[in-house]
Amino acid sequence: MRVSDHEQTADLQLDALTAARCDVIYADHGVSGTVVSRKGLGEVLADLQSGDVLVVWKLDRLGRSTVHLLQLLADLRERGVDFMAITQGIDTTTAMGRMLYGQLAVFAEFEREQISDRTKAGMEAAKRRGKHIGRPVALTDDQVREAVRSHDEEGRTIRSLADELGVSAQTLTRAMKRHTS
């Protein structure tokens, strides 16, 4: 169970979990659901074993977002742990509960694909505007041009040039190949 601030009471959740005959009850008091690391949640996830059932009063008491919640549920399923959300009637120990879980999983996959598609579209748009995507370049065009010249005309080794520029030989070699292509 979880309550967001210290003024809230967990009595309603405690009563429902007790009525559901939970053996052990974990709690986070005064912790927002958006907080990534929650002591009670971390403890319950660490203690769960195959064959256990994680019971929450309501879905929003478990995850900080839909994607986070669905990732947690997928992890539980992989570990052989069933899940029950009392107020939503989700119970993966039943056929109906597994169906509802399956529908949630489909929506989660769809959302992840949508996020990926939007990210790729944004990156492509940025590339078209001439923005560099990815790690910052280690060497300027002038540094690469000078390294190519020093290598070709003076016979300097890639290793000595890379050491002088403060990069690995592999980084310099890749940059020089891109420059001469």
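Arg159 and Asp163 join their side chains in a salt bridge, with N and O 2.6 Å apart. The two residues sit 4 positions apart in helix α6 (residues 158–165), so about one helical turn separates them. Arg159 is partly exposed, at 43% relative accessible area. The model is predicted. In total, 9 salt bridges are counted in it.

**Salt bridges**

- Glu164 and Arg156 also meet through their side chains, at 2.8 Å from N to O.
- Glu164 counts as exposed because its relative accessibility is 56%, and the cut-off for exposed is over 50%.
- Arg156 has a relative accessible area of 25%, which makes it partly exposed.
- Glu153 and Arg149 form another salt bridge, in which the closest N and O atoms are 3.3 Å apart.
- Both Glu153 and Arg149 belong to helix α5 and lie 4 residues apart, about one turn of the helix.
- Glu153 is exposed at 60% relative accessible area, whereas Arg149 is partly exposed at 29%.
- Salt bridges link Glu146, Arg149, Glu153 and Glu154 in a network.

**Largest pocket**

- The largest pocket holds about 560 Å³ of space.
- Its lining has 26 residues, and those closest to the centre are Val24, Val44, Val53, Leu54 and Val55.
- Helix α2 (39–47) and strand β3 (53–56) each contribute at least two residues to the lining of this pocket.
- By residue class, the lining of the largest pocket has 18 nonpolar, 1 polar and 7 charged residues.

**Second largest pocket**

- The second largest pocket holds about 380 Å³ of space.
- It is lined by 14 residues, and Val137, Ala138, Leu139, Ala175 and Arg178 are the closest to its centre.
- Helices α5 (141–154) and α7 (169–180) each supply at least two lining residues here.
- Helix α7 gives the most to the lining of the second largest pocket, with 5 residues.
- The lining of the second largest pocket splits into 6 nonpolar, 4 polar and 4 charged residues.

**Sheet**

- Three strands form an open sheet in the order β3-β4-β5, and the pairing is mixed.
- Strands β3 and β5 (90–91) are at the edges with a single partner strand each, so one side of each has no neighbour in the sheet.
- Strand β3 pairs with β4 (residues 82–85) in the parallel sense, over 4 bridges.
- Within this pairing, Val55 has Met84 of β4 as its bridge partner.

**Helix α3**

- Helix α3 covers residues 66–78, which is 13 residues.
- From first C-alpha to last, α3 reaches 18 Å, close to the 18 Å expected at 1.5 Å a residue.
- His68, Leu69, Leu70, Leu72, Leu73 and Leu76 of α3 are buried.

How values were computed:
Residues are numbered from 1 along each chain as its sequence is written. This is a predicted model: local features need pLDDT of at least 70, side-chain atom pairs count only at pLDDT 80 or more; totals for chains, interfaces and linings use all residues. Side-chain values use heavy atoms; hydrogens and water are left out. On a 1 Å grid over the protein atoms alone, a cavity is a set of points where a 1.4 Å probe fits but cannot get out, and a pocket is an open set with protein on both sides within 12 Å along at least five of seven lines; lining residues have an atom within 4 Å of a point. Grid points are joined across faces, edges and corners, and a volume is the space filled by probe spheres set on the points. Ala, Val, Leu, Ile, Met, Phe, Trp, Tyr, Cys and Pro count as nonpolar, Asp, Glu, Lys and Arg as charged, and the others, Gly among them, as polar. The expected span of a helix is 1.5 Å times one less than its number of residues. Buried means under 20% relative accessible area, exposed over 50%, partly exposed in between (1.4 Å probe, protein chains only). Two strands pair if DSSP finds at least two bridges between them. A salt bridge is a side-chain nitrogen of Lys or Arg within 4 Å of a carboxyl oxygen of Asp or Glu.
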